[in-house]
Amino acid sequence: MDRYVTALGAILISAAVALGAVGAHAVGAEDPFARQLWQTANLWHAISAVGLFATGLGWSRLSPFWRGIGAWVVGLGVVLFSGSIYLQALTESAPFPGSAPLGGSALILGWLVIAGAAIRSARHP
């Protein structure tokens, strides 16, 4: 699983870089709010991607049960939070009401679960 989480992190980093370039050149030229939305989505997308990549590298040091749950919740959070904001920047509407707050909550919860996996692993090797 560690290689999949590391690979997912690397793929998400690649997508964040590509979407950052799209945003810099093609989004919000006439709408500064759309550009700001895109930049917000891209920032949290990139931060979470780097975090998942690092989580994959340290996978064996984390509590086995909780690390997988945390990684999947973070991945879902990136898709819901950043994805819905990217779509809102392009279409002026979210994919479904509450998608960004739900995704943001998933990001927070996922990172807390990964933190718990790290603490649990340190206490119970």
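Visitor: What follows helix 3?
Guide: Glutamate 92 does, and its phi is positive, near 70 degrees. This is a predicted model, so that angle comes from the prediction.

Visitor: Why point out a positive phi?
Guide: Most residues other than glycine have a negative phi. Glutamate 92 is a residue other than glycine with a positive value.

Visitor: Where is glutamate 92, and is it buried or exposed?
Guide: Glutamate 92 sits in the loop between helix 3 and helix 4. It counts as exposed because its relative accessible area is 67%, and exposed means over 50%.

Visitor: And threonine 91, which element is that in?
Guide: Threonine 91 belongs to helix 3. Its relative accessibility is 46%, so it counts as partly exposed.

Visitor: What does the side chain of threonine 91 reach?
Guide: It reaches the backbone oxygen of serine 93, at 3.0 Å.

Visitor: How far is threonine 91 from alanine 34?
Guide: Their C-alpha atoms are separated by 9.3 Å, while the two residues are 57 apart along the chain.

Visitor: Back to helix 3. What span should its residues have?
Guide: Helix 3 has 28 residues, which should span 40 Å at 1.5 Å a residue. Its end C-alpha atoms are 40 Å apart, so the two agree.

Visitor: Zoom out. How many helices and strands are there?
Guide: The protein chain has four helices and zero strands. Read along the sequence, the pattern is α-α-α-α.

Visitor: What box do the C-alpha atoms fill?
Guide: Roughly 55 × 25 × 15 Å, taken along the principal axes.

Visitor: How much of the chain counts as buried?
Guide: Of its 125 residues, 39%.

Visitor: Which residues touch the most other members of the largest nonpolar core?
Guide: Leu52, Ile85 and Ala89 do, in a core of 22 residues. Helix 1 (2-26), helix 2, helix 3 (64-91) and helix 4 (99-123) each give two or more residues to this core. Helix 3 supplies the largest share, seven residues.

Visitor: Now helix 2. How many residues does it have?
Guide: Helix 2 covers residues 32-57, which is 26 residues. From its first C-alpha to its last it reaches 38 Å, close to the 38 Å expected at 1.5 Å a residue.

Visitor: What caps the N-terminal end of helix 2?
Guide: Aspartate 31 does. One of its side-chain oxygens lies 3.1 Å from the backbone nitrogen of phenylalanine 33.

Visitor: Which residues in helix 2 are buried?
Guide: Among them are Ala34, Leu37, Trp38, Ala41, Asn42, His45 and Leu52.

Visitor: Asparagine 42 has a polar side chain. Why does it count as buried?
Guide: Its relative accessible area is 16%, and buried means under 20%. A polar atom of the asparagine 42 side chain lies 2.8 Å from the backbone oxygen of alanine 16.

Visitor: Which residues make the nonpolar surface patch?
Guide: Leu43, Trp44 and Ile47 make it, and it covers about 290 Å². Isoleucine 47 is found in helix 2 and is partly exposed, with a relative accessible area of 42%.

Visitor: Different spot. Where is alanine 29?
Guide: Alanine 29 is in the loop between helix 1 and helix 2. At 72% relative accessibility it counts as exposed. The C-alpha atoms of alanine 29 and phenylalanine 81 are separated by 23 Å, and the residues are 52 apart along the chain.

Visitor: Last one. Is alanine 100 buried or exposed?
Guide: Alanine 100 counts as buried, at 18% relative accessibility. It lies in helix 4. Alanine 100 and isoleucine 11 are 89 residues apart in sequence and 21 Å apart in space, C-alpha to C-alpha.

Technical notes
Residues numbered from 1 in each chain as written. Predicted model: local features only at pLDDT ≥ 70, side-chain atom pairs only at ≥ 80, totals over all residues. Heavy atoms only, no water. Expected span 1.5 Å × (residues − 1). Buried < 20%, exposed > 50% of the residue type's maximum accessible area, 1.4 Å probe, protein only. Polar contact = N/O pair within 3.5 Å; in protein donor to acceptor, adjacent residues only side chain to side chain. Patch = residues over 30% accessible without salt bridge, like charges linked within 9 Å, V, L, I, M, F, W, Y side chains within 5 Å. Areas by Shrake-Rupley, 256 points an atom, 1.4 Å probe, with all protein chains shown as cover. Salt bridge = Lys/Arg side-chain N within 4 Å of Asp/Glu carboxyl O. Core = buried A, V, L, I, M, F, W, Y, C linked by side-chain atoms within 4.5 Å.
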